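Please look over the chain shown here before reading the notes on its charged pairs, its pocket and its surface.

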Amino acid sequence: MGDGGCWPTMDLLRSEEIQLVQLIIPMESAYRAIVYLGELGLFQFKDLNAEKSPFQRTYATQIKRCGEMARKLRFFREQMTKASLSPSIHSERSTDIYIEHLEVKLGELEAELIELNGNNEKLQSTYNELTEYKLVLQKAGEFFNSVESKAAAQQREFEAKNFGEGSIDSPLLFEQEMTTDPSKQVKLGYISGLVSREKSMAFERILFRTTRGNVFLRQSVVDSPVVDPVSGQKIEKNVFVVFYSGERAKQKILKICDAFGANRYPFTDDLGKQFQMISEVSEKLSELKTTIDVGMVHRSNLLQTIGYQFEHWSLLVKKEKSIYHTLNMLSMDVTKKCLVAEGWSPVFAKDQIQNALRRAALDSNSQVGAIFQVLPTKEPPPTFFRTNKFTSAFQEIVDAYGVAKYQEANPGVYTIITFPFLFAVMFGDWGHGICLLLATLYLIIREKKFSSQKLGDITEMTFGGRYVIMMMALFSIYTGLIYNEFFSVPFELFGPSAYGCRDPSCRDAYTVGLIKVRATYPFGVDPKWHGTRSELPFLNSLKMKMSILLGVAQMNLGIIISYYNAKFFGDSINIWYQFVPQMIFLNSLFGYLSLLIIVKWCTGSQADLYHVMIYMFLSPTDDLGENQLFFGQKFIQIVLLLLALVAVPWMLLPKPFLLKKQHQERHQGQSYSLIDSIDDPLEIELHHDSHSHEEFEFSEVFVHQLIHTIEFVLGAVSNTASYLRLWALSLAHSELSSVFYDKVLLLAWGFNNTIVLIVGIIVFICATVGVLLVMETLSAFLHALRLHWVEFQNKFYEGDGYKFCPFSFALLTLEDE
């Protein structure tokens with residue numbers, strides 16, 4: 001950590017220095033002080049009124065008012081959503097508005113909108129009723145007209161038949177019908193209306209059963225759905241006319257209509273009155289339609305006006321609510337007429353906070369300025385890293401595992417390089433890397449547009465990690481060039497292959513093999529390896545050994561970082577009794593294996609490393625024979641094995657006893673002190689805290705150290721084996737890519753048919769994108785994530801801190817209401 005000299009501070013390596021601060025703010029300047037601190041966004045307030053309920057706090061009324069304004073804004077948003085309108089992204093901010101004026105304005109707008117909605121609902125209900133009435137008049141009129149015309153035709157037919165035949169009975173019956181007393185004729189009543197089509201069968205059945213068949217029902221289907229006046233929903237309906245006799249039947253029919261939600265409308269059998277009523281209803285419908293349209297235009301204009309200012313108003317209300325919520329976290333000193341605030345702030349922000357407090361006092365014409373003082377504390381401060389749009393995604397990867405302890409070494413610094421590199425080891429293909437790079441460059445070039453839009457969950461996640469994907473793509477191109485794979489096809493990019501055929505005709509290339517005819521291929525895998533019989537054994541050996549080297553290197557890096565953590569916090573016990581034995585144990589076994597791999601590569605030896613490592617434990621004194629790679633190897637193996645055995649008790653035993661001794665020395669002589677000499681309440685609290693954790697459970701510490709030792713010893717083996725996933729996934733990616741190229745693209749090419757070739761190309765593109773660029777990318781990403789979280793970070797990273805969450809207006813736009 002630099003102190004302002006020639007070395008710059010590394011913002012990501014250690015979290016910013018945070019201090020506990022007390023602010024004493026006069027009442028008259030408290031509101032402006034909170035506003036300016038919110039604009040600054042570098043102060044995290046502590047709740048000093050945690051024991052009080054929300055209703056007991058000082059500014060509960062103001063928060064209630066803000067909640068009411070937020071409710072009105074939600075109501076406006078719902079109305080705009082129903083009207084298919086959206087709030088303007090670029091809200092008008094030409095005129096500043098005070099929150100009191102905004103409260104009045106929102107109330108007026110809500111009242112006007114509610115009135116418009118109420119009037120519109122009434123008019124729409126009346127319009128729907130008249131529409132149904134018109135349908136009843138038309139359908140029932142048609143029914144009555146058809147019945148009357150049929151009755152007249154039957155009457156004429158009956159008369160013609162009777163007079164024409166000259167029957168003896170005819171004059172008598174005709175005379176009897178004509179001489180019947182009109183007062184004794186039964187007059188039928190009728191009820192007309194509309195009923196839902198899905199209920200029409202049940203409606204008819206109930207009518208028949210209730211009246212015992214003493215009704216006549218006639219229904220007519222309405223072609224298009226009708227808007228129901230009660231529910232406001234479009235429903236398919238039938239027009240019905242029920243004929244009945246008697247008042248009791250009428251009452252029963254009315255109750256059934258109410259039960260089935262059938263809307264009844266009056267109807268006359270007078271043809272002249274029917275036409276008059278239809279014309280009157282049509283007139284009223286046109287008038288209502290005009291009135292409703294004018295009302296809807298007025299409502300739409302009002303909602304558009306609200307939409308122009310909506311985002312600005314919403315942000316104002318959120319700010320106001322957050323200001324009073326913060327003020328409620330301050331304790332009030334009634335006698336001194338001031339508010340006391342406590343919270344965390346970065347050390348570098350001291351001058352900025354003091355300037356904000358001075359400006360608040362000046363703008364509010366306060367006679368007294370605010371007081372800024374640093375408080376001593378034993379409470380662990382929050383963790384704060386200053387990140388930018390490039391480093392924030394990498395920091396999120398680390399924070400997803402756990403937030404760093406205060407000023408603990410941050411793995412995010414190393415993750416920027418190691419994460420995309422380990423991903424690329426598993427995804428090595430420079431053709432696929434270019435595809436990923438092009439996709440992420442599109443997101444980066446248009447990031448301003450995408451950042452202002454609301455994206456879906458997956459798209460937003462991809463956009464947030466665009467710089468991580470870019471680094472992954474760049475490293476994939478690099479490792480792809482090393483593997484010499486472009487969609488599984490090798491290229492002689494850095495010169496000709498070092499191998500050639502024994503026979504000029506190359507007939508024996510796949511039987512006898514190739515010989516080295518020129519200098520070694522300068523960069524990466526020689527292209528001639530691809531397609532040969534020994535390709536798979538060679539790449540298997542290369543990638544497996546490379547995975548072990550990378551794994552041991554990263555685990556060593558983790559242990560070395562633990563040394564710098566211990567040195568930073570002044571913990572010499574962890575340096576001598578954790579860092580040193582861990583380095584000895586890991587490198588005595590797997591560091592030595594890595595050395596053997598490098599020596600074997602450099603010397604071209606045929607030694608069996610499996611045999612060497614197994615018999616290093618089983619028979620350390622036996623002669624190595626042909627497996628000896630260098631002079632003195634047996635002696636070195638015995639020494640390393642002894643060191644590994646010594647390192648285990650070195651890790652386990654001394655640390656608990658030294659911690660116990662350290663605890664006893666720290667608290668020796670502190671049991672007695674002059675309480676009268678401590679006047680400051682804060683010092684009394686600190687003195688009390690110093691005695692609150694005096695108990696030292698040696699058994700717990702020893703068991704914890706035992707678990708930690710066993711975990712490290714077993715983890716050294718399992719973590720090294722875990723890095724072999726780099727080999728497995730790299731091999732899988734290479735083989736899948738080769739299968740898609742050979743069995744899809746080349747197979748389609750061999751048919752000499754254009755249609756087959758086009759289909760093959762489409763299948764190849766879909767398989768490459770779907771499997772290799774999406775599924776394999778996700779798979780390699782998750783495996784790289786696991787290697788960082790488990791194998792790398794468990795060597796040094798505690799991750800039990802908590803984030804610095806300052807009061808900031810800038811964060812309000814990112815949060816839901």
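A residue is called buried under 20% relative accessible area, exposed over 50% and partly exposed in between, with a 1.4 Å probe and protein chains only. By that scale Glu379 is partly exposed, with a relative accessible area of 34%. This is a predicted model, in which local features need pLDDT of at least 70 and side-chain atom pairs count only at pLDDT 80 or more, while totals for chains, interfaces and linings use all residues. Residues are numbered from 1 along each chain as its sequence is written, and side-chain values use heavy atoms, with hydrogens and water left out.

**Salt bridges**

- With a salt bridge taken as a side-chain nitrogen of Lys or Arg within 4 Å of a carboxyl oxygen of Asp or Glu, the count comes to 18 salt bridges.
- Lys46 and Glu379 form one of them, with their closest N and O atoms 3.1 Å apart.
- Lys46 lies in the loop between strand 2 (44-45) and helix 2 (60-82), and Glu379 in the loop between strand 11 (371-375) and helix 9 (391-401), so this pair ties together parts that are 333 residues apart in sequence; helices (H or I, at least four residues) and strands (E, at least two) are DSSP runs, numbered from the N terminus.
- Lys389 and Glu447 also meet in a salt bridge (2.6 Å, N to O).
- Because Lys389 lies in the loop between strand 11 and helix 9 and Glu447 in helix 12 (residues 447-451), the pair ties together parts that are 58 residues apart in sequence.
- Lys389 counts as partly exposed at 48% relative accessibility, whereas Glu447 counts as buried at 14%.
- Within helix 2, Arg71 and Glu68 lie three residues apart, about one turn of the helix, and their side chains meet in a salt bridge (2.6 Å, N to O).
- A network of salt bridges links Glu68, Arg71 and Glu110.

**Second largest pocket**

- The second largest pocket holds about 950 Å³ of space, a pocket being, on a 1 Å grid over the protein atoms alone, an open set of points where a 1.4 Å probe fits, with protein on both sides within 12 Å along at least five of seven lines.
- Its lining has 30 residues, with Asn574, Gln578, Lys655, His708 and Glu798 nearest the centre; lining residues have an atom within 4 Å of a point.
- Helix 21 gives the most to this lining, with ten residues.

**Helix 17**

- Ile614, placed in helix 17 (residues 609-618), counts as partly exposed at 45% relative accessibility.

Notes. Grid points are joined across faces, edges and corners, and a volume is the space filled by probe spheres set on the points.
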